[in-house]
Amino acid sequence: MKKFLWLASAVLVFASCNQQNVKTGYVNNTKVVSDYTEMKVAQEKWTKRNNEVRAELEEKAKQFQIEVQGYQNIMKSMSKANKEKKEQELMAKQQGLQREQQAKMQEIQQGSQKEIDSIIGKVKDFIKDYGKKNGYTYIYGDTEVSNILYGKEELDITEEVVEALNGGKTTDSEEEKKE
């Protein structure tokens, strides 16, 4: 029994010594990713690409509408066979435009998602390295679903991580706080 008590005491002492060396912190994952300069650049790039594609598709849709209106203006003077032929051509053209729109929007969505996933992977790797270099035992991530219900403010290292991630540059939100 004495051996068991001695062993239990030793384990408790050892555990309390280890706990004193634990350094923890947490980051707001959403803020880190959204304030990351590379993410802002990617979002701007994909928004611009999306707007360009939409403008291009709108122009094609306008041209198609002009063609439909032209057909409607002369259809009464056309033979039944010519009407059917022209209507089939217009339907095929409309379906082609719809397929093109779907393909281009899907291309943008897949491209942007691939780039966002890559950036999130970089952020995760960066935080791991940051934790190792700065002696952290744990760095927790807080998300929109608030998996950290309470944390001391001094353990929130979000701003430090964002600044380090951006190469020492301050973010827009940090500059706003200073003003």
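Some ground rules. Residues are numbered from 1 along each chain as its sequence is written, and side-chain values use heavy atoms, leaving out hydrogens and water. Because the model is predicted, local features need pLDDT of at least 70 and side-chain atom pairs pLDDT 80 or more, while totals for chains, interfaces and linings use all residues.

Confidence comes next. pLDDT is the predictor's confidence in each residue, from 0 to 100. The protein's mean is 85, and 83% of its residues reach 70 or more. Residues 4-14 fall below 50, with zero contacts (heavy atoms within 4.5 Å) beyond near neighbours in sequence. Where pLDDT is low, the predicted coordinates should not be read in detail.

Now salt bridges. The rule is a side-chain nitrogen of Lys or Arg within 4 Å of a carboxyl oxygen of Asp or Glu. The count is twelve.

Look at Glu67. Its side chain meets Lys86 at 3.3 Å, N to O. Lys86 is in helix H4 and Glu67 in helix H3, so the pair ties together parts 19 residues apart in sequence. Helices here are DSSP runs (H or I, at least four residues), numbered from the N terminus. Glu67 also bridges to Lys93, at 2.6 Å, N to O. That pair ties together parts 26 residues apart in sequence.

Last stop: Ser112, also in helix H4. Is Ser112 buried or exposed? Buried means under 20% relative accessible area, exposed over 50%, partly exposed in between (1.4 Å probe, protein chains only). Ser112 has 16%, so Ser112 is buried. A polar atom of its side chain lies 3.1 Å from the backbone oxygen of Gln109.

Technical notes:
Helices (H or I, at least four residues) and strands (E, at least two) are DSSP runs, numbered from the N terminus. A polar contact is a pair of N or O atoms within 3.5 Å; within protein, one must be able to donate a hydrogen and the other to accept it, and residues adjacent in sequence count only if both atoms are side-chain atoms.
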